[in-house]
Amino acid sequence: MTATAQTFKPTVVDADISPLETLWHVRVALNVAALVCRDADETVTIAAYNTLIRRQGVALAAANNAVDARYKAQYGARWQSERERDMTKLYNFFAQPTAQAEFCATAKSVLATIAGVDPGALMAFAQANLPTLEAPFWSPAPQPQTQFADDGHGSTAVVAAAARVQVAPGGF
């Protein structure tokens, strides 16, 4: 039986976020890729992420500042703890093991192009690519899988299996 990817979105993922916050979420996703995508291309993935940070540092700093500003306005004195809580949820979302192979392939594709995107077009690029980076983690409601097995005595057994696997106890 295989685990099914999540069928829900934690509120922090993309609920009513600005273009700069969208860029920050893309950076988080690509940071997770640099940290967890361990395969024959891992050095290329890490180098591409580091190139992104160097080439797009000004825009990424502005995105970080926008996220800070939103949390300060929304939470006041406790903004840092609230931001850390939500960023942990966001990192954990992109680190779910159920879809890592597809996520890593997607992230590598995004990394191959993002560092070369003109800074003026970066937010539009992020808005177009955040759904692509999230997509490996969404699935329709699990459907029972039916398999027919011959028991060797001329009869056929029907085996139906469906599994929901909760990634984080208690949810996000």
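C37 and C104 form a disulfide, with an S to S distance of 2.0 Å. The criterion is a pair of cysteine sulfur atoms within 2.5 Å. One disulfide turns up in a search of the whole structure. The S-S torsion of C37 and C104 is about -90 degrees, so this disulfide is left-handed.

What does the pair tie together? C37 sits in the loop between helix 1 and helix 2, and C104 in helix 5, so the linked parts are 67 residues apart in sequence. Helices here are DSSP runs of H or I, at least four residues, numbered from the N terminus.

Both ends, then. C37 is buried at 1% relative accessibility. C104 is buried at 8% relative accessible area. Buried means under 20% relative accessible area, with a 1.4 Å probe and protein chains only.

A word on the model. It is predicted: local features need pLDDT of at least 70, side-chain atom pairs count only at pLDDT 80 or more, and totals for chains, interfaces and linings use all residues. Residues are numbered from 1 along each chain as its sequence is written, and side-chain values use heavy atoms, leaving out hydrogens and water.

Next, the core. The largest nonpolar core has 38 residues. That term covers buried Ala, Val, Leu, Ile, Met, Phe, Trp, Tyr and Cys residues joined through side-chain atoms within 4.5 Å. L30, F94, F103, I114 and L133 touch the most other members. Helices 1 to 6 each supply at least two residues of this core. Helix 1 gives the largest share, nine residues.

Last, I114. Setting aside residues up to four places away in sequence, I114 touches V26, L30, L52, Q56, L122 and F125. Contact means heavy atoms within 4.5 Å.

Key: Buried means under 20% relative accessible area, exposed over 50%, partly exposed in between (1.4 Å probe, protein chains only).
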